[in-house]
Structure formats: structure tokens, C-alpha cells
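Work through the exercises below with the sequence and the model open. Try each task before reading its solution.

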Amino acid sequence: MDIKISNLEKIYPNGNRALKDINLTIESGMFGLLGPNGAGKTTLMRILVTLLKASKGEILVDGQNLQTHRKEIRALLGYLPQDFSLFSKLTTFEFLEYCASLAGMHHSRERKKAVADMLERVGLYEVRTRQANKLSGGMKRRLGIAQALIGTPKIVIVDEPTTGLDPEERIRFRNLLAELGQKEMIIILSTHIVGDISSTCTNMALLLDGSVAFQGPPQQLLEQARGHVWKINALDQDLENLKNRYPVISTIPGQGGYDVEIVADQISDYKAKAIEPNLEHAYVYFVEQAAKTQAHHAFNINRANS
Ligand SMILES: Nc1ncnc2c1ncn2[C@@H]1O[C@H](COP(=O)(O)OP(=O)(O)O)[C@@H](O)[C@H]1O
Ligand SMILES: [Mg+2]
């Protein structure tokens, strides 16, 4: 099972270029789509689930063209939209059973069993008779996840599924997806939170301003930041200056001042020690690099125009 995205572009009717020449290959397992707000994650996901048309480019799902095989490919999909909300007066059980019918589960007894099992897995079995729109925020999220997973889809696309979950629920949710990811399924998870990517994703892409800034295993993203992350022991009076000059990631009060973590190609004016990067550092490093490239372009364009 794989998804091949080539030269994908999306320009909204108002002229917003949300996706710029996206090339991605997504294979079985858990795939993390990381990027700040406005990067284009939702746009890409809506195109993948056939709710939105691309302006250019091609998507192949197991070799089948998404444009010409919409119906077949849709039948393989489970989707949790970013703005998933529940107005249903149905009970939790009835709601999920309805979703299961839509997903093609027509055998009543099997369907009821699958719904009960799924409610058990997401921890909603106890509230199965409660009206779905009266569930708590976290419970609604979990029901959203359940509706994306019911009917054994081959491809699961979840858009910022951890928003509004407390830390405990986040972990539980990540484990649930990771468990599914082992079953020859493709799971695409978008997030603006680096911590959601972690070790559970076999592969990832970093989307910045509509372009893929990185794709590969998270470990590789981290490698690329090596040698660019620094720790400085700074005095109180240095802090302001440091923050003005460099992207400061963290400031921890230590002996005789602060331990300041900074991402930069090099540091000349302070005594700095290179440290082992983590995913958060790597993310900031890439965002900074992209911002610099853009500033550089803008500078050249301004120069060309003057
Ligand atoms: N319907 C729309 N019309 C015009 N521009 C849009 C529309 N939806 C999103 N955009 C723009 O496209 C870009 C990407 O948005 P989106 O895909 O929602 O990013 P993300 O999900 O990563 O936050 C943003 O600049 C956003 O303002
Ligand atoms: Mg979004």
C-alpha cells in the first residue's frame, strides 16, 4: 500500500497558494505531517480525501489515480476532519453504528459487535447510551477518532487529532494509532505539535508555507540539526541581547545565570557548547532556515525592483 503525490499544487480561488509543488511518497505505517498553522496540512488532507480538488499534479493510491478512481479510493478511507463536531441527537452507540453503515458494514450483528469493540478501545463503552452531542470535549474527539477507524479502512487520515486532548489522552491516542499502524495500514496524522510526531512515526514530512521542507524518518530530521544547537551559560544582562540575535529555544535558570538553548549555524560572540539536538530543536532549525531563505528571496526581489 502506498500513496504517491507528484507536483501537487493548490491555489484557492482568492489566489492563496496553499500548496506548492508537493512531492511525497507515503508508505504503510504511521506518517506524521508536521507544520505550523497555515502551512497547508488541512488543504493537503482535504485533497487526499477527495473533498477538495488540486489545481495541478497527481495522486496515485496503490497505483490508482485519485481523480479517476474517487469512489473506489474513498471506500478505503477513514477521515477525522480538523473541525469535527457533533450535533447528533443519536446516542454514542447509535452514532457510531450509523458511521459503520456508511462505511459499508451492512451485516447488523457484525456491525453491532464492531461498534461495541471500537467503543471499548477508545474508552467510550461506558457512555454508549449518552447522547453524542452531550459528551465532553475529549470524549467527542475520541468518538471522532472511532468514526475514522470503524469499518477497517486501509488509509486513515486524521487532521490535528490531539487538539483539545489532555496529556494522558494524547498518549493513549498515540498508542491506539501506533497499534493500528502495524497492520499494513497507512495512517497520516497532521499536527503542529512536535511532541505528537515522536517515535511512533516511521516517516514524516515537514510542511512550511506550502512546501515540503523535509521528508524522511524523524531521526533524520534530527540529524540535520546536529551542530546547529548550542547551549550558552548567560548572565541576566545577556539575555535580552541573545534573544534579539538568535532563536532562543529555552532559558533555564542555573548557577550564576541561565542555561540558554539556541539554534544557529554558528555563534561568534558568546562561549557556546554544541549539544545533542532533539526533534523540537530540529523543527525550529528548519523553520529558521526557511525564514532565512524567504528573507533572502525578498531581499533579491526588492533589489531587482529598485
Ligand atoms: N478556503 C480557503 N480559501 C482561501 N485560502 C485558504 C482557504 N483555506 C485555507 N486557506 C489558506 O491556505 C493556507 C493553508 O491553510 P491550511 O491548509 O488550513 O493550513 P494548516 O492546516 O497547516 O493550518 C493558509 O494560508 C490559509 O489561510
Ligand atoms: Mg489545519
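**Exercise 1. The whole protein**

Task: State how many helices and strands the protein has, and what share of its residues count as buried.

Solution. The model is predicted.
- Step 1: the secondary structure comes to 10 helices and 14 strands.
- Step 2: the protein has 306 residues, and 34% of these count as buried.
- Step 3: along the principal axes, the C-alpha atoms fill a box of roughly 70 × 50 × 35 Å.
- Step 4: of the contacts between residues at least 6 apart in sequence, 68% join residues at least 24 apart.

**Exercise 2. Helices α3 and α4**

Task: Find how α3 and α4 are oriented to each other, and which residues make the contact.

Solution. 
- Step 1: locate helix α3 at residues 92–102 and helix α4 at residues 108–121.
- Step 2: the two axes come within 9 Å and cross at roughly 120°.
- Step 3: roughly perpendicular covers 65 to 115 degrees and roughly antiparallel begins over 145, so α3 and α4 are oblique to each other.
- Step 4: the crossing of α3 and α4 is right-handed.
- Step 5: α3 brings T92, F93, L96, E97, A100 and S101 to the contact, and α4 brings R111, K112, A114, V115, M118 and L119.
- Step 6: sorted by class, the residues of this contact are seven nonpolar, two polar and three charged.

**Exercise 3. Helices α3 and α5**

Task: Find how α3 and α5 are oriented to each other, and how their contact residues divide by class.

Solution. 
- Step 1: helix α5 spans residues 137–149, and its axis comes within 9 Å of that of α3.
- Step 2: the axes of α3 and α5 cross at roughly 30°.
- Step 3: angles under 35 degrees count as roughly parallel, and α3 and α5 are therefore roughly parallel to each other.
- Step 4: α3 passes α5 in a right-handed crossing.
- Step 5: on the α3 side the contact has T92, F95, L96 and C99, which meet L143, A146 and Q147 of α5.
- Step 6: these residues divide into five nonpolar, two polar and no charged.

**Exercise 4. The buried side of α3**

Task: List the buried residues of α3 and name elements that cover them.

Solution. 
- Step 1: T92, F95, L96, E97, C99 and A100 are the buried residues of α3.
- Step 2: their cover includes α4 and α5.
- Step 3: compare with the contacts above.
- Step 4: just after α3, G104 takes a positive phi of about 100°.

**Exercise 5. The shell of ligand 1**

Task: Identify the residues around ligand 1 and the helix that supplies the largest share of the shell.

Solution. 
- Step 1: the residues around ligand 1 are Y12, N14, N16, A18, G35, N37, G38, A39, G40, K41, T42 and T43.
- Step 2: helix α1, residues 41–48, gives the largest share of this shell, with three residues.
- Step 3: by class, the shell holds three nonpolar, eight polar and one charged residues.

**Exercise 6. Q219 and G257**

Task: Decide whether Q219 and G257 are buried, partly exposed or exposed, and place each one.

Solution. 
- Step 1: Q219 is in helix α8, residues 218–224.
- Step 2: a residue with 12 or fewer neighbours is exposed. Q219 has 11 other C-beta atoms within 10 Å and is therefore exposed.
- Step 3: Q219 and A282 are 63 residues apart in sequence, and their C-alpha atoms are 9.8 Å apart.
- Step 4: G257 is in strand β13, residues 257–263. With 16 other C-beta atoms within 10 Å, G257 is partly exposed.
- Step 5: leaving out residues up to four places away in sequence, G257 touches N233, A234, L235 and D236.
- Step 6: G257 and L124 are 133 residues apart along the chain, and 49 Å separates their C-alpha atoms.

Note on methods
Residues are numbered from 1 along each chain as its sequence is written. Chains are lettered from A and ligands numbered from 1 in the order in which they are written. This is a predicted model: local features need pLDDT of at least 70, side-chain atom pairs count only at pLDDT 80 or more; totals for chains, interfaces and linings use all residues. Axes are lines fitted to C-alpha atoms, for helices over the stretch in contact, and angles run from 0 to 180 degrees between N-to-C directions. Helices (H or I, at least four residues) and strands (E, at least two) are DSSP runs, numbered from the N terminus. A crossing is left-handed if the near helix is turned anticlockwise from the far one by less than a right angle, and right-handed if clockwise. Two residues are in contact if their C-beta atoms, placed from the backbone, lie within 7 Å. Ala, Val, Leu, Ile, Met, Phe, Trp, Tyr, Cys and Pro count as nonpolar, Asp, Glu, Lys and Arg as charged, and the others, Gly among them, as polar. A residue is near a molecule or strand if its C-beta atom, placed from the backbone, lies within 6 Å of it. A residue is buried if 20 or more other C-beta atoms lie within 10 Å of its own, exposed if 12 or fewer, and partly exposed in between; C-beta atoms are placed from the backbone.
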